Amino acid sequence: MEKNVIKRYIFFGIAIVVVVVLACVGTRVYRWEMNNFTSKDGEGHGYFIQPDEPLDSVLTRISADYEIASKRAFLRDSRRAKLVSAKPGYYRFERSFGNRHIIRTLQLGNESPVRLTFTNTVRTREQLAGRLAAQLMLDSVSILRCLEDNDYMAQFGLNRETAVCLFLPDTYEVYWTMTTDELFGRMKKEYDAFWTPERIHKADSLHLTPTEVATLASIVESETHREAEHPAIASLYLNRLRKGIALQACPTVIFATGNLKLRRVLKSHLAIDSPYNTYKYPGLPPGPIRCARKHTIDVVLNAPNTGYLFMCANPDFSGTHVFSKTYAQHAAVAQQYRRQLDQRAIR
């Protein structure tokens, strides 16, 4: 009888040990494979990991957004996986995940894409470099150096003056750690995808190259924010180009001054010796005066046929323009507009 009791105690003891062992193993497997991190707000979160950032620093930042069921288990698994520091990059995690997922992600550098956005408000190479660097793990100096290097831009069929043509305003999904070469290579693919044979054919029919179309589009956009007027403005400048008449576009003169906030173009500005001064030099300037949008490029390519050769800001200051076919009509409107500028003391 006593032997049976002893056997039972031994059996129960072994069973308890097995249950405890299985529970421990199960918990470890669960923490490793399924869930050790749970979002505090029920949402996923992303992190920019800097080069050589210690794992402790990364864990501290993640713990601000996630409840960690067992920090000890994570550190133990990290040591076994020989994860000391994460590869730099942007990483986005779901609402919950196990140690295996985060360790492998950080160890292998399985980055999540980021959105790279720039608009037609970018006016200069310096601005473009700054805007791009602010969203990528790149410094603006390295980007600007490429933009201003004629030899580097030649591989894309561009030069320092037309370099911004490569960057069509939009939102792109890229990796935060992409190199400068990768950035320019990606923009070249987007550029080639936009400039289809049909668009190139339309540019040829206007006797313009794609960069010249983009340059004209940048002038059109700089004249007004009112998209409804863009077709008429594009047509006007195309008419002047065909007739060999100087564009006399005030936005190009403002660009030539370097003072992009200038509101009124004076006679002294018109005398500036710059290839961007379209009052002084005929034809298009050597490059865009902003990153022209795809939509506006298409407006130029599909501009309507009009007899417009002149335009002037509307004297009623409505933000619109008055278009004219003759100089006499234009001069009358321009006189009214100058009178209004003087009355409002706009310099």
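**Accessibility, Aromatic Pairs and Helix Packing**

Tutor: When neighbours within four places in sequence are left aside, A256 is in contact with I272, S274, Y276 and N277. Contact here means heavy atoms within 4.5 Å. The model is a predicted one, in which local features need pLDDT of at least 70 and side-chain atom pairs count only at pLDDT 80 or more, while totals for chains, interfaces and linings use all residues. Residues are numbered from 1 along each chain as its sequence is written, and side-chain values use heavy atoms, with hydrogens and water left out.

Student: Where is A256 found?

Tutor: A256 belongs to helix α12 (residues 250-257). Helices (H or I, at least four residues) and strands (E, at least two) are DSSP runs, numbered from the N terminus.

Student: Why does A256 count as partly exposed?

Tutor: Buried means under 20% relative accessible area, exposed means over 50%, and partly exposed is in between, with a 1.4 Å probe and protein chains only. A256 has 21% relative accessibility and therefore counts as partly exposed.

Student: What makes H269 buried?

Tutor: Its relative accessible area is 17%, so H269 is buried. This residue is found in helix α13 (residues 267-270). Apart from neighbours within four places in sequence, H269 is in contact with V253, T257, L262, R264 and N277.

Student: How do you know whether D52 counts as buried or exposed?

Tutor: The relative accessibility of D52 is 69%, and D52 therefore counts as exposed. D52 is placed in the loop between β2 and α2 (55-63). Although not a glycine, D52 has a positive phi of about 60°.

Student: What makes Q248 partly exposed?

Tutor: Q248 is at 37% relative accessibility, and so counts as partly exposed. Q248 lies in the loop between α11 (230-243) and α12. Its phi is positive, about 50°, although Q248 is not a glycine.

Student: How many aromatic pairs does the structure hold?

Tutor: There are 18 aromatic pairs in the structure. F37 and F97 form one that is stacked, at 4.9 Å centre to centre and 10° between the planes.

Student: Why is a pair of this kind called stacked?

Tutor: Rings of Phe, Tyr and Trp (its six-membered ring) pair if their centres lie within 6.5 Å; planes under 30 degrees apart count as stacked, over 60 as edge-to-face and the rest as tilted. F37 lies in strand β1 (residues 37-39) and F97 in strand β5 (residues 96-97), so the pair ties together parts that are 60 residues apart in sequence. Both F37 and F97 are buried.

Student: What is the geometry of the aromatic pair Y47 and F93?

Tutor: The centres of Y47 and F93 are 6.4 Å apart, with 40° between the planes, and the pair is tilted. Y47 is in strand β2 (residues 45-49) and F93 in strand β4 (residues 89-93), so this pair ties together parts that are 46 residues apart in sequence. Y47 counts as buried at 5% relative accessibility, and F93 counts as buried at 2%. F37, Y47, Y66, F74, F93 and F97 form one aromatic cluster.

Student: At what angle do helix α3 and helix α4 pack?

Tutor: Helix α3 (residues 71-80) and helix α4 (residues 99-108) pack at an angle of about 45°, and their axes are 10 Å apart. That makes α3 oblique to α4.

Student: What makes an angle oblique?

Tutor: Angles under 35 degrees count as roughly parallel, over 145 as roughly antiparallel, 65 to 115 as roughly perpendicular and the rest as oblique. Axes are lines fitted to C-alpha atoms, for helices over the stretch in contact, and angles run from 0 to 180 degrees between N-to-C directions.

Student: Which residues of α3 meet α4?

Tutor: A73, F74, D77 and S78 in α3 meet N99, I102 and I103 in α4.

Student: How do the axes of helix α5 and helix α6 cross?

Tutor: The axes of helix α5 (residues 125-133) and helix α6 (residues 140-147) come within 8 Å and cross at roughly 140°. α5 and α6 are therefore oblique to each other.
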